[in-house]
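Have a look at the sequence and the model shown here. What follows is a short walk through some of its features, one spot at a time.

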Protein chains: 2
Amino acid sequence: MRPLLSGVFAPVVTPFKADLDVDAELFVRHCRWLLSQGAGLAIFGTNSEANSLSLEQRRQLLDRLIAEGLDPQRMLPGTGCCAIDDTVALTRHAVAAGCAGVLMLPPFYYKGISDEGLYRYYAEVIARVDSPRLKLYLYHIPAFTGVPISLGLIERLRRDFPETVVGIKDSSGDWDNLAAMLAAFPDMAVFPASESLLSRALPLGAAGCISATANVNPAGIRRLYAQWDQPDAALLQQQADAVRQTFQSFPMIAALKFATACYSGNASWATVRPPLVALGAKQQEELQAALERIHFSMPDMGH
Amino acid sequence: MRPLLSGVFAPVVTPFKADLDVDAELFVRHCRWLLSQGAGLAIFGTNSEANSLSLEQRRQLLDRLIAEGLDPQRMLPGTGCCAIDDTVALTRHAVAAGCAGVLMLPPFYYKGISDEGLYRYYAEVIARVDSPRLKLYLYHIPAFTGVPISLGLIERLRRDFPETVVGIKDSSGDWDNLAAMLAAFPDMAVFPASESLLSRALPLGAAGCISATANVNPAGIRRLYAQWDQPDAALLQQQADAVRQTFQSFPMIAALKFATACYSGNASWATVRPPLVALGAKQQEELQAALERIHFSMPDMGH
């Protein structure tokens, strides 16, 4: 059996050209840099603007990474869509590419969805993909989806698909929920969505984190992950928190991309797809000043 | 210039086979019946489970309706997706098919979206479709999208695209919001999402309604729409309300489909795609009993 994923993953920001087309070359370079800094690739997540990409754009980007020789065993692409057919298409593609797992949003248009309905959705996807190589990580992010993934649903999926449903990302930001997941599912890979929870969550068995700010601070978060039980852990947590809090006080995706533009020297990084909006001039100044105050940098950026 | 749409539109429920595949033949039959009862076809709306369909499934269904000779000038397909490329693809297809207009959801994954971001989204779609034949109806349904369409946004879109952004469906269920839209945009086609508002909204200039229950009570709602200023209007409103309230007290889409199954004699109509769940046995009994109490029927169902 394939081992569960662990460590630090970046929901990789997706670079666009001025005409909003995907910049695949820049994407590959950023992915290489993230790997070199010790982060895994949770491509096509919320911070990747994945739902602003077409299915074909997602498939082409993954194919490009593979063609460039990046290791699919370090990849956890997002594949959850509103329509089962779309989710199956992306998931099959990721499995065929040899990805270590997929991170699957619940269908997120309808609200007030029952656990029974979500169970049927995931069960249908699993049945159609029909592969022992499928390793499914559930994605709990109720502030965006309005469709929470309950402990009861996870329990039922674990019971019926123990070799397939192997992990979860908890983006609720709710410590009690994370602690309950860690306690209830010790055999699953449970990832909080923020490095700020690592010091508390790793001793309880968390697998690492899948965090937006791993796009800009992969090495710092990686050090914290690796040394959480060492004497300098408190300092490492403090340093990581300072970066996190700085970015969190701006629109996250626009801020991540603006910082990447600054430290790479490539201004096109700042582009986002509507309905998101890039940082305005005042926000840019404020973010730069805040990053200087904490002596932030993105080392070895080749892009 | 093409006239604005008006009247009663059904967000047409989409029939599925037991394996969840689309039943295109049954869909055509239902659309024909709705037209025969005086309702227009707001295919691919919320009640159509449109976001549970792939782009290709939506394109094929629309092509099939056209091939079967149904009038595209009676069609208002939903084309709004999270990704601009997808929205553009569906909108171009609908325009090429000769549809009277398109009903466009805002991108609905990200929350806390600014009016500026939504403006850029719609402006980008309009620029890419680039057709004087595009007649765009905005779709305000904040309970599902979490992304409201504000009066300020409408005003800006109307100012910059007066020949394109010509209407709106208000599914907020908020009378004050509907009244404000009717007052602010007398030149737009404003559709409430429920026939229960017709008697109040038509005197203020509403264009009609686009209502879930027009799937099962098209003729009743059509009569109310046509006779709202006649002596029997109060009775017609009361009768329409009784149907609406009955369906509203159940999960709407499952209830519409179960009723269609009952009155057409075709049990497969009851099928919904996950994450929705069909009515359970107890709910089915309750709905049937409630419909009998109000002497409900679906006349001339040939499907």
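Is Ser48(B) buried or exposed, judging by its relative accessibility? Keep in mind that this is a predicted model.

Ser48(B) counts as buried because its relative accessibility is 0%, and the cut-off for buried is under 20%. You'll find Ser48(B) in the loop of chain B that runs between strand S2 (40–41) and helix H2 (55–67).

A polar atom of the Ser48(B) side chain lies 2.9 Å from the backbone nitrogen of Gly45(B). Setting aside neighbours within four places in sequence, Ser48(B) is also in contact with Pro11(B), Val12(B), Val13(B), Thr14(B), Ala42(B), Ile43(B) and Leu53(B).

## Two chains, one axis

## The nonpolar core

The largest nonpolar core has 226 residues. Those with the most contacts inside this core are Ile43(A), Leu138(A) and Phe247(A), along with Ile43(B), Leu138(B) and Phe247(B).

Take Leu138(A) as an example. Not counting residues up to four places away in sequence, Leu138(A) touches a list of residues including Leu103(A), Met104(A), Tyr122(A), Ile149(A), Ile154(A) and Leu157(A). Val165(A), Gly167(A), Ile168(A) and Lys169(A) are among the residues that Leu138(A) touches as well.

## Aromatic rings

Over all chains, the whole structure holds 23 aromatic pairs. One of them is tilted and is made by Phe108(A) and Phe108(B), at 5.7 Å centre to centre with 50° between the planes. This pair crosses between chains, and in each chain Phe108 sits in the loop between strand S3 (102–104) and helix H4. Phe108(A) is buried, with a relative accessible area of 2%, and Phe108(B) is buried, also with a relative accessible area of 2%.

The pair of Phe27(B) and Phe44(B) is stacked, because the planes are at 10°, with ring centres 6.4 Å apart. Phe27(B) belongs to helix H1 (residues 24–36) of chain B and Phe44(B) to the loop between S2 and H2, so this pair links parts of the chain that are 17 residues apart. Both Phe27(B) and Phe44(B) are buried.

One aromatic cluster takes in Phe108(A), Tyr109(A), Tyr110(A) and Phe144(A), plus Phe108(B), Tyr109(B), Tyr110(B) and Phe144(B). Charges turn up over rings as well: the charged end of Arg156(A) sits over the ring of Tyr119(A), 3.6 Å from its centre. In chain B, the charged end of Arg200(B) sits over the ring of Trp175(B), 4.0 Å from its centre.

Most residues other than glycine have a negative phi, and most peptide bonds are trans. Phe44(A), which is not a glycine, has a positive phi of about 65°. Phe44(A) counts as buried, at 5% relative accessibility. Asp130(A) is not a glycine either, and has a positive phi of about 50°. Asp130(A) is exposed, with a relative accessible area of 62%, and lies in the loop between helix H4 (115–129) and strand S4 (136–140) of chain A.

Where are the cis peptide bonds? One joins Pro274(A) and Pro275(A), with omega about 20°, and another joins Pro274(B) and Pro275(B), with omega about 15°. Pro275(A) lies in the loop between helix H11 (252–264) and helix H12 (281–293) of chain A.

Terms used: Residues numbered from 1 in each chain as written. Chains lettered and ligands numbered in written order. Predicted model: local features only at pLDDT ≥ 70, side-chain atom pairs only at ≥ 80, totals over all residues. Heavy atoms only, no water. Core = buried A, V, L, I, M, F, W, Y, C linked by side-chain atoms within 4.5 Å. Buried < 20%, exposed > 50% of the residue type's maximum accessible area, 1.4 Å probe, protein only. Contact = heavy atoms within 4.5 Å. Helix = DSSP H or I, 4+ residues; strand = E, 2+ residues; numbered from the N terminus. Polar contact = N/O pair within 3.5 Å; in protein donor to acceptor, adjacent residues only side chain to side chain. Phe/Tyr/Trp six-rings, centres within 6.5 Å; stacked < 30°, edge-to-face > 60°. Lys NZ or Arg CZ within 6 Å of the ring centre and 35° of its normal.
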